[in-house]
Structure formats: C-alpha cells, structure tokens
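Here are some friendly notes to read alongside the model. Please keep the structure open and look for each place as it comes up.

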Amino acid sequence: MRRIAITAAVAALALTTGCGAADMTRQASPFANARGAKTVTLSVQSWVGAQSDAAVAQYILEHKLGYRVDTVQVDEVPAWDALSQGRVDALLEDWGHPEQEKRYVEEKGTVAPGGGLGVTGHIGWFVPTYLAKQHPDITDWRNLDKYAPLFRTAESGGKGQLMDGSPSYVTNDKALVKNLKLDYQVVFAGSEAAQITQIKRFAKEKKPFLTYWYAPQWLFEKVPMTEVRLPPHKEGCDADPAKVACGYPHTPLKKYLNADFAKSGGEAAAFLQKFRWTTEDQNEVSLMIAEQKLSPAEAAEKWVDSHPSVWKKWLP
C-alpha cells in the first residue's frame, strides 16, 4: 500500500476520496520549471495513513524549510516506476515490493532507500470483536467455512464474503481463498473509504463481517476488530503469488527516494531521510483527517504545533 500543494482544493480531493488512484506518472510538477524554485514532488497513496505521512512532510517542507511541494496520487507499483523515472522524488510508505526493489534499487540504481518510516504494518483478516466474543473459534481460519453463511451478501454469490478494499493494494486474498479451499468470495469495495463506510454500517447494525484490513489504522479505535489466525507466515511462503497459503508478514514500512534526488535534493532529501514517527503519531493525524474532517493541511499544522520535540529532530 503508498504517497504537496498544487492547490488546497486539489490536495484535499486527493487525500479524502480514497479512490483507486489514477496513474499520473506522466504528470510533471507544476513547479518544475519555476526558475530557482526549491521543489519536491511526493507520491501519495490513497489510504489515510500514507496521506498523513505526506501531509506532515508537506507542512514541514513548506513552512519550515521553504520548499514548494507537489503530490501525485499513484497506485503502488506505478509509484515505483514514477520514482525511478524522477517524476516523483519520494515515496514515504512502502508496504513491501521486493520485485520493484530488486529491479530499481539493486539492478538499475535509480531508486535509493530512504530509511524506515518508524511504523510496522500488518495486513490480515479481521472480524468485529463483538462477533469474536459470540463465536471465539471464528478467529481460526480452519473454522471459517462453518461460519460462511453468516457472511453471505448479494455480491458474494452464495458464498461467504471476504471484503477487500482496492484491487491495487497488496493482497493475496484470492489465492488464499482458493489454496485454503474456503467457501468464500473476495468482494472489492473499491477503496479504503468505501470499505470503511461498509465496516461502519455493519458495525452500527452489529452484523457479521469478515474483512481484509491492516494496521496501523485509526478505524480500530472506532470499530474494535479481532484478527483471524491464518497459517503462519514463513520466509518465502508468498514467493509464488498463485500458490500462497500463508498469512501476511509484519512489515517495517520503508521510504524510498529517487536516486538523483537522494544525492542532490539538499535539505529536502536530508529531511525526508530523517522523517520517522510512531504508529501513534500517524494515527493521531489520520483520525483528524478521517474522523474530525480536518483538511490534511489543518491536521498536519495541528500535529506539528503540538509535537515540536519530534519533528525538530528531522530537520537537517
């Protein structure tokens, strides 16, 4: 899953729709030709955690370091292509793309590691905690077929529904359902925002649901969910996407920079390499954007004003 100010309206739209991102890798920054301008272009992903990274990075780059910042919303794999081509300078939240890392970092040298984000990500299958309390054995994947009738929907074709977000996200769910021989159908909500809407609706009515979800994510504070234990993840168990039969790993999220930008990006590159915060920091900003309905810029300003001891360490 992965990425500041063209105009406030455009930025707000990109950060609040949560839709599957269009591939805008061919779009250059509107600031690119400004004579003498200090500019940075960030790749921003459609989920709110990554949007929080970008919003805070934007605010500090613009208000503390004097840069103009542009964002381009790009899906996860195209974001690597854009980064390699120099159409974006930085990607702040990568959930693990070993094929792209090997191609662009190790072989071509066009992308450089930017260090850890400080947040560990984990994808899994979750049920609402109120359902797990009613049926404690539902949290073992081997018992899921027993409960499949609870999860049937009009979209799942007589099978239990496993709700996913966007097909562009990191997901092995179709292969898992097939290889674990489960009586379920993966149904894509289309985006994080649409998935959240459905989860909230089910929770309000105390209905059963089984969903692909991930941490860190602010929604856990509003809708408590319990993870379903999938077969344990082991190194290499997901190497062949068609044969995956194991759960998802815990992934330290990483940043990546365009290699030329990493060398010649000055204070901006140095700042982005030092940018490192906690799950709690990210969730604080995400909650302000998603629940309190602050604009990303407002949320970033509020966070920056109240956490100077954190972000001042990132300044070059």
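In which loop is Pro-216 found? Pro-216 sits in the loop between strand 7 (210-215) and strand 8 (225-228). Point 8 returns to this residue.

1. **Ground rules.** This is a predicted model, in which local features need pLDDT of at least 70 and side-chain atom pairs count only at pLDDT 80 or more, while totals for chains, interfaces and linings use all residues. Residues are numbered from 1 along each chain as its sequence is written, and side-chain values use heavy atoms, with hydrogens and water left out.

2. **Confidence.** The pLDDT (the predictor's confidence in each residue, from 0 to 100) averages 89 for the protein, and 88% of the residues score at least 70. Over residues 1-36, however, the pLDDT is below 50. Beyond near neighbours in sequence, that stretch has 100 contacts in the model, where a contact means heavy atoms within 4.5 Å.

3. **Overall make-up.** The protein has 13 helices and nine strands. These elements are DSSP runs numbered from the N terminus: helices are H or I with at least four residues, and strands are E with at least two. Of the 316 residues, 52% count as buried. Buried means under 20% relative accessible area, exposed means over 50%, and partly exposed lies in between (1.4 Å probe, protein chains only).

4. **The cores.** A nonpolar core is a set of buried Ala, Val, Leu, Ile, Met, Phe, Trp, Tyr and Cys residues joined through side-chain atoms within 4.5 Å. The largest one has 80 residues, and Val-56, Trp-125 and Leu-272 touch the most other members. Helix 2 (residues 48-63) gives the most to this core, with eight residues. A second, separate core has 12 residues, including Val-72, Ala-79, Tyr-104 and Val-105. To see the surroundings of Leu-272, look for its contacts beyond four places in sequence, among them Val-40, Leu-42, Ala-57, Leu-61 and Phe-261.

5. How many residues of strand 3 (residues 90-94) are buried? The count is five of its five residues. Two strands pair if DSSP finds at least two bridges between them. Strand 3 pairs with strand 1 (residues 39-44) in the parallel sense over two bridges, and Leu-42 has Ala-90 of strand 3 as its bridge partner. Strand 3 also pairs with strand 9 in the antiparallel sense, over three bridges. Here the bridge partner of Asp-94 is Lys-254 in strand 9.

6. Leu-253 lies in strand 9 (residues 250-258) and counts as buried because its relative accessibility is 1%. Beyond four places in sequence, its contacts include Glu-93, Asp-94, Trp-95 and Gly-116. The C-alpha atoms of Ser-52 and Ala-300 are separated by 7.5 Å, while 248 residues separate them along the chain. Leaving out residues up to four places away in sequence, Ser-52 touches Trp-277, Gln-282, Val-285, Ser-286 and Ile-289.

7. Strand 5 (residues 160-164) and strand 6 (residues 184-188) pair in the parallel sense over five bridges. From strand 5 the chain crosses through helix 7 (residues 173-179) to strand 6, and this β-α-β crossover is right-handed. Right-handed means that, with the strands pointing away from the viewer, the path from the first strand over the helix to the second runs clockwise. Asp-164 has Phe-188 in strand 6 as its bridge partner.

8. **Backbone details in loops.** Lys-181 is in the loop between helix 7 and strand 6, and has a positive phi of about 55 degrees although it is not a glycine. Is Lys-181 buried or exposed? Lys-181 counts as exposed because its relative accessibility is 68%. Lys-206, in the loop between helix 8 (192-204) and strand 7, has a positive phi near 55 degrees and is likewise a residue other than glycine. Lys-206 is exposed, with a relative accessible area of 58%.
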